[in-house]
Structure formats: structure tokens, C-alpha cells
Amino acid sequence: MTSPLLIRGGLVLSPRVLGVADVLVRDGVIAAVGPGLPVPDDAEVVDASGRIVLPGFVDTHRHMWQGAIRGVLPDTTLPAYLGRVLGGYAPAFRPEDLYAGALGSALEALDSGVTTVVDWAHGPDTPEHADANVQALKDAGIRAVYGYRHAAGEATRATEAGRVREACGDGLVSMAVAALGPDFGDLDLAREEWLSARELDVMITTHMGGHGRENATAGLAFLDDQDLWTPGTMYVHANDYTDEQFKRIADHGGTVAVSPAIETAMGFSLPATGRARAAGIPTGLSADAVTSAGGDMFSLMRAAYFTERGRPDGVGLGFTAADALRMATTEGAQAAGLGDITGEIAPGRQADLVLLRTDLPGIAPAPVHDPVAAVVLYADTRAVDTVLVAGRIVKRDGRLVANVAGALDRLAASAAHLAEAVSRDAEPEAAA
Ligand SMILES: [Zn+2]
């Protein structure tokens, strides 16, 4: 039992505008929301006057290991990314590099108000790497769904998935199967991924529907043929599905993760934001790869807002700032399989909360006119004053509680090793 926490007098967005209210937190859970709540004995009171109080953001798909190679590949395309990042850098990662990368990614996320991430762990995949990754998530104190990817050709992978699930435990970190899926052609592996997720009773998140219309159609036919449709499956980069196919995904209880910055930067087709939501699919936002674009949720909300409103067919002009905020919170939580745990400010939800300053030149006086627009169109990480995960304060008065200097030292050491290893590997080719 910890002492209760009363967040007093903030402008609360649940993410819908509730008005000025207090939020009472007991044992990591939101106990009450309303104006003028009585202050319990022994409560810590956090003054939120002049602040916007939001649900913590949910990033539905981020390759956390890539925190160690942030910025290695701007101005790229998907094939170049696959060659350089997965083919070049990933094999050079030692477990300590993975730890440094995942920790750095988690601290970036928390600093910008992202309290939940789906970590799509498609980097190096030995048990030691998986353990280092999971440990970094735990040490960072972020809520995470660790997306375990089955190593191709590894005889022990089924037992390894079970072991990783145990390693995640039953705290803030849970497990999903991060399935490469049928689009990449290994149908035996894809079938194994789906069956393993069913056996472990964990969510599937899969990169499907983003690799050409033909592959997208073939992938859904594979689910039909093998009877593998599974409710709660999250489709990442699903831009190549038709509106009809989105209706089928909705009927089967699927969700979608859009990566509006990376998809437009790397030459995927137009983000499916509005088309997926029109089919009734909970659709979350995601940073994807910090090798090639930043990972704060403000940038992602704006990328989604502008790409959707800029759709050539004009239909996207119905997409609003409130839609973007819902995707970053409530719908993101649904896509992450945590729809009844986080993503809203309501009694019974986990106290994953963000307090935003409004007294900054780039934000004032927007909250007076439209607090949702203030968050989606004007705020950035500088405005993130206080962040709570399950009631624990991880950022206070604009500063992360974690040992940031230590994390940066680890990143610097890993960056030096990785840059050296990759340039060494590249030498023979360059000489040829
Ligand atoms: Zn991805």
C-alpha cells in the first residue's frame, strides 16, 4: 500500500474534455475523478492548476532496441532500411547494446508522456538478448507489451516463447507474439507464430498488409485457409488493405497500428488512419523505427493529422484533433490489448497520467480556446511536466526521475561499438 495521490485542479481530458477536476489515485489505480474531491488523510497532493491532465499515451509499435541506433538512417526507403538496419546493425548488437537501446527508447517515451509501448522485438533474438530487452523495460518503469519474435529455424523456439513469457512476469511488462506473418513468405513460420500465441494465450501483433496489395490479399487468404483469424490481432502498416478487407478485419476483432511518420518517409502507401477507423477498427499510433524518425507522440499525432487530412480523395478532412488524441490514448490502448487497463482517465483504470504545462509561448493561450487542439497541434515534449505510470511518478517538474546520465553513458558506449562494428563489416564491400 502506498499513500494516496490527489492531482488537484487540472483541466482533465479523459481524453474527452471533462473540465477542471481532481484525480484521486489509490494503489496505482484511479479511484475517483471530479471537481473538489476531499483530500484523504496522508495523501500527497500534486497541484495541477494551469496544467492539462491526460491519459498516458500508448505507442502501439516501436522497435525499442533501435534506441541504440537512433538516427543511423534518415532519408531512406523500406528495402534500404531492411538491408542496413536488420541486415547490418542488428547482428552487431550485443545483449548490453540491446539493454542500452531499449532503456534509451523507454526513457524517450516516458519523457514525452508515452506510458505504454508495444515493443516489437525483431532485432537479435538469442535468449540473452531477450532477457536484456525485458530487463530494460522493467528497469525503466514503463508499461510494456514485449512482442517476442520467433527466431527462424530455431528448434527450441516454442519453449523459448514460454520462457520469455515467464521472464515478463505479471507486473507492468506482458508478452505478445510479434509475428513476421505470411506477407514475407514463410508460411510454416507464420502458422507456428499464430499457434504459439494461441497456446500461450497472448496477443499477436503482425506486420501484415503493408507490402503491396497482392501480398495483403494473399495474407488474409492464408488466415482463411489455415483457420487462423484470432480476435485482438494487431495489423501493423496495414495500408494496402481495401476498405472491404478492413471490414473483414473489423469483423474478426482485429486492430491496426499506423506509423504515420515512417510510412510516409519510407515509401509505404498512404497511412490507413481514416480508412481503418471508418471500418470501426481501433487504430493506434506508433513510432516504429527511431533509426529514421523521432519517437515522441506529439510528432506522431501531427503526422497522422496532416497525412489523413491531406488525403488526395478529400475524405480525410473529417479527421479531427480529437480523433488524433483518441488514437494516441484510448484506441492505442485497445490495439495494445490493454483497453480496460489504460488509455482513459476513469475510475478503475491504471493511473497512467500526463500533466502538461500550458504556460509556454507555443501553447498559450490555445487551451483557453480548445484544449484538445492545444495538445495535438501545439504541445511538445517540453510541455510534459509530470508523468505517472501505475501511480508512480516517473517524471516530475519536467525532469525524469530515472538515472538519465547513466542511460546516456550506456547509449554512447553502444553507439561507439555499433558504429565501429558496422563500418568494419562494410569495408570489404567498399573495397570491392
Ligand atoms: Zn515495425
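User: How far apart do the C-alpha centres of domain 1 and domain 2 lie?

Analyst: This is a predicted model. The domain assignment gives domain 1 as 5–55 + 348–397 and domain 2 as 57–335. Between the C-alpha centres of these two domains the distance is 28 Å.

User: Which element gives the most residues to the side of domain 1 that touches domain 2?

Analyst: In domain 1, 19 residues are in contact with 22 residues of domain 2. Two or more residues on that side of domain 1 come from each of helix 13 (371–378), strand 15 and strand 16 (392–396). With five residues, the one that gives the most is helix 13.

User: By class, what residues does the side of domain 1 that touches domain 2 have?

Analyst: The residues in question are the 19 of domain 1 that are in contact with domain 2. Sorted by class, they are 14 nonpolar, one polar and four charged.

User: Is Leu388 buried or exposed?

Analyst: Leu388 sits in strand 15, which runs over residues 384–389. A residue counts as buried if 20 or more other C-beta atoms lie within 10 Å of its own. Leu388 has 24 such atoms within 10 Å, so Leu388 is buried.

User: Which residues is Leu388 in contact with, leaving aside its neighbours within four places in sequence?

Analyst: Contact here requires C-beta atoms within 7 Å. With the neighbours within four places set aside, the partners of Leu388 are Ala351, Asp352, Leu353, Ile393 and Val394.

User: What length does helix 3 reach from its first C-alpha to its last?

Analyst: Helix 3 covers residues 127–140, which is 14 residues. At 1.5 Å a residue, 20 Å is expected. The helix comes close to that, reaching 20 Å.

User: Which residues of helix 3 are buried, and which residue follows the helix?

Analyst: The buried residues of helix 3 are His129, Ala130, Ala132, Asn133, Val134, Ala136, Leu137 and Ala140. After the helix comes a residue with a positive phi, near 75°, and that residue is Gly141.

User: What radius of gyration does the protein have, against that of a compact globule?

Analyst: The protein's C-alpha atoms fill a box of roughly 65 × 50 × 40 Å along the principal axes. For 432 residues, a compact globule would have a radius of gyration near 22 Å. The value for the protein agrees with this, at 21 Å.

User: Among contacts between residues at least 6 apart in sequence, what share joins residues at least 24 apart?

Analyst: The protein has 14 helices and 17 strands, and buried residues make up 54% of its 432 residues. Of the contacts between residues at least 6 apart, the share that joins residues at least 24 apart is 78%.

Conventions: Residues numbered from 1 in each chain as written. Predicted model: local features only at pLDDT ≥ 70, side-chain atom pairs only at ≥ 80, totals over all residues. Helix = DSSP H or I, 4+ residues; strand = E, 2+ residues; numbered from the N terminus. Buried ≥ 20, exposed ≤ 12 C-beta atoms within 10 Å, placed from the backbone. Contact = placed C-beta atoms within 7 Å. Expected span 1.5 Å × (residues − 1). Domains from an automatic or database assignment. Nonpolar A, V, L, I, M, F, W, Y, C, P; charged D, E, K, R; others polar. Rg over C-alpha atoms; globule rule 2.2 N^0.38 Å.
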